[in-house]
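I opened this notebook to keep a record of what I looked up, one entry at a time. Where a term has a cut-off, I note it beside its use.

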Amino acid sequence: VKWCKTKGVILLDFWRRPSNPELPVDIRVPFPSLQAVKVFLESHHIEYSILLEDLQVLIEEEKQEMINNQRRERGTSNFNYGAYHPLDSIYAALDDLAAEYPSLVSKQTIGESYEKRPMYILKFSTGGTNRPAIWLDAGIHSREWVTQATALWTAKKIASEYGSNPSITSLLNRMDIFLLVVTNPDGYAFTHTNNRMWRKTRSKISGSLCVGVDPNRNWDAGFGGPGASTNPCSESYHGPSANSEVEVKNVVNFIKSHGKIQAFLTLHSYSQLLLFPFGYKCTNPADYNELDAVGKAAASALASLHGTTYKVGTICSTIYQASGGSIDWSYDYGIKYSFAFELRDTGRYGFLLPASQIIPTAEETWLGLLKIMEHVRDNQ
Amino acid sequence: MQRQSEARLGPLLLLLLLPLAWGKGPSPPRAAEELQVSNRLAGQAARVALHYLNYRLGSPSALRALGQVRKATLKTIPGIGHKYYLQFTTEDYKSSLNVGTCLATVFYLKRKPRPAVNINCTYTKDQKQIREDDYSFYKKMRQQTKPIIGNDIPDSYGNIEPALEPAWALAVAGSSYLMWEKSTENLGYFMAQVKNVKQWITKDDSIDFDYSVVLHEIPTQEMISCHLRVIWTPGHPLKVKYFCLSENQWSESEEGSGTESGSTNGIFNEKEAHF
């Protein structure tokens, strides 16, 4: 054996060196040398046994375990809310929030995405049975990364300040909040692995080589009308039919079966706008005056923190006519307080907003959200 | 004091610019429709005017972004097109600080492919500093023995490597030409990302870059891939050639001043109060 070692031709890694002929020797054999070593040992009548079949497998397992442990240990106090995270990390953070604030926060599934990823919501509740509730979602368009990040920060904000922050406390004493951080998980995963600018779902479209439907043209509100495309290869393709996208259907089902959602709030980026219905038609909603007033108050509160200015108005007049949108559906369904935020910025970085702006964006957006939620609370 | 001067500017602006509209033919003047400052078409037109300005100034250190629209008027000239009269504030592209106000007209003509822009702006940023910044970038690029290359600027997380920032700014200036040309009353653009930059080392005085850029098109939400060739010498008009994947041929900027489709009187280095 020593001869082997001195020869240095076959690279053997001795874990227990030869010392005494009575004692065993442990050797790690690189795969290419395996055959040669076996032949050598057998031809010299040296007994051997295999302790570990494949070291690499064990190393991988250990690495994964370490990562899992790190995550568990980190908890929400060490989670970096000022950074962009892949889907797994976000999902782990949801678990951590539910674990850290068990009397307030619980995690539920509302269904699966097209590619069978779970769609998790967080429920913030101080009790009661089926209290009136506020719905907030983010990331329906996967490339709008600041929205998922903002939603996660918001979850931590609500959870950690219940009891100390009077607004949050009074709100949650009367109403529940449901938060969907990643509305389009397939798209979000795709923005990490393949195409940072992916917007749509990842559903296969029969008869087309193109993939995906614009989930915010897929709702049952003026479906198929102006502002949505019939071309499957288009970024604003509305899909074969309303609610064809399982991600949309899951939200619709949840809202309908809950029965007491009082506000439907959704986050997009970018443009710095606060929008209310309608998008599918260019006429004002019946509640225009109230929604406009609430919107303006919210935009004002938002601007008070860092000076970020938002424009307020209906979707059609402020951004463009677009059919099949979520807040149009929720409004026509009967949820009066339906608002969509288009977060920072106004085009310099666009979808690629620097991570350093996540927390300032989340902090200011929170003030706007709170203004709306307080109005909802006071006007039930 | 400020409000007074703004009020005077409004009617003055219309008086100054009405003859331009009439010059087209015997069509009688149409009533000008005042638009809300939050009107998206007004904002879009203001952006088009800024694309034009950024291209014409051809200075990576002097790029501007839209601040707030202060006043907007729309005139419909039957059979000819729509003309927007705009007053808006601007921000420095990099720092977001306010750098002055612009007056602009943006004329979307039915029979011409690109909008005609007239724009005048005040500028509160130090001209000397801009020239120095431009020149120092230019010098550094001229001194390269190995060509500058880069990918994904900004990257997925919004980061821009400081060494590549001037090359990114030059891409914005070059893309501004392309975005001005492609803009219509209803289609607007933002430069979303530089996918690729490669410098050409040249023997002449200019610096020369090849870019692949991705534009974000509104309201279609499409991401348009374009190739840009930008040739620049400080103080000279930017030379831009581009080819977008939906098109069949290269498009080029005009040599010289290119006053055909618009004009800018450059910039005044006056303080806001004097304006």
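**Entry 1: ground rules**

I am working with a predicted model, in which local features need pLDDT of at least 70 and side-chain atom pairs count only at pLDDT 80 or more, while totals for chains, interfaces and linings use all residues. Residues are numbered from 1 along each chain as its sequence is written, chains are lettered from A and ligands numbered from 1 in the order in which they are written, and side-chain values use heavy atoms, with hydrogens and water left out.

**Entry 2: the annotated domain of chain A**

I looked up chain A in UniProt, where an unreviewed entry lists "domain: Peptidase M14" at residues 83–376. I note that UniProt positions are given in the numbering used here, that feature names are shortened, and that annotations may be inferred rather than shown by experiment. The end C-alpha atoms of residues 83–376 of chain A lie 31 Å apart, and the span is 38% helix and 17% strand. Helices (H or I, at least four residues) and strands (E, at least two) are DSSP runs, numbered from the N terminus.

**Entry 3: two helices of chain A**

How do the axes of H4(A) and H5(A) cross? I found that the axes of H4(A), residues 87–100, and H5(A), residues 145–161, come within 11 Å and cross at roughly 10°. The axes are lines fitted to C-alpha atoms, for helices over the stretch in contact, and the angles run from 0 to 180 degrees between N-to-C directions. H4(A) is therefore roughly parallel to H5(A), a label for angles under 35 degrees, whereas over 145 counts as roughly antiparallel, 65 to 115 as roughly perpendicular and the rest as oblique.

On the side of H4(A), the contact (heavy atoms within 4.5 Å) is made by Ile90(A), Ala93(A), Leu94(A), Leu97(A) and Glu100(A), and on the side of H5(A) by Gln148(A), Leu152(A), Ala155(A), Lys156(A) and Ala159(A). These residues divide into seven nonpolar, one polar and two charged; Ala, Val, Leu, Ile, Met, Phe, Trp, Tyr, Cys and Pro count as nonpolar, Asp, Glu, Lys and Arg as charged, and the others, Gly among them, as polar.

I then checked H5(A) by itself. Its 17 residues, at 1.5 Å a residue, should span 24 Å, and the end C-alpha atoms are 25 Å apart, which agrees; the expected span is 1.5 Å times one less than the number of residues. Because 15 of the 17 residues of H5(A) are buried, the helix is largely enclosed by the rest of the structure. Buried means under 20% relative accessible area, exposed over 50%, and partly exposed in between (1.4 Å probe, protein chains only).

**Entry 4: Leu179(A)**

Leu179(A) is in strand S6 of chain A, residues 176–180, and is buried, with a relative accessible area of 1%. Not counting residues up to four places away in sequence, Leu179(A) touches Tyr120(A), Ile121(A), Leu122(A), Phe124(A), Leu136(A), Ala151(A) and Ala155(A).

**Entry 5: the annotated active site**

UniProt, in an unreviewed entry, places the feature "active site" at Glu342(A). Is this residue buried or exposed? Glu342(A) is buried, with a relative accessible area of 10%, and it lies in strand S10 of chain A, residues 337–343. Leaving aside neighbours within four places in sequence, the contacts of Glu342(A) include Ser269(A), Tyr270(A) and Gln272(A).

Most residues other than glycine have a negative phi, and most peptide bonds are trans. In chain A, the peptide bond from Ser269(A) to Tyr270(A) is cis, with omega near 0°, and Tyr270(A) lies in the loop between strands S7 (261–269) and S8 (273–276). Gln272(A) lies in the loop between S7 and S8 of chain A, has a positive phi near 60°, and is buried, with a relative accessible area of 10%. Lys116(A) has a positive phi near 70° but is exposed, with a relative accessible area of 58%.

**Entry 6: chain B**

Chain B has four helices and twelve strands, and 49% of its 275 residues count as buried. The peptide bond from Ile218(B) to Pro219(B) is cis, with omega near 0°.
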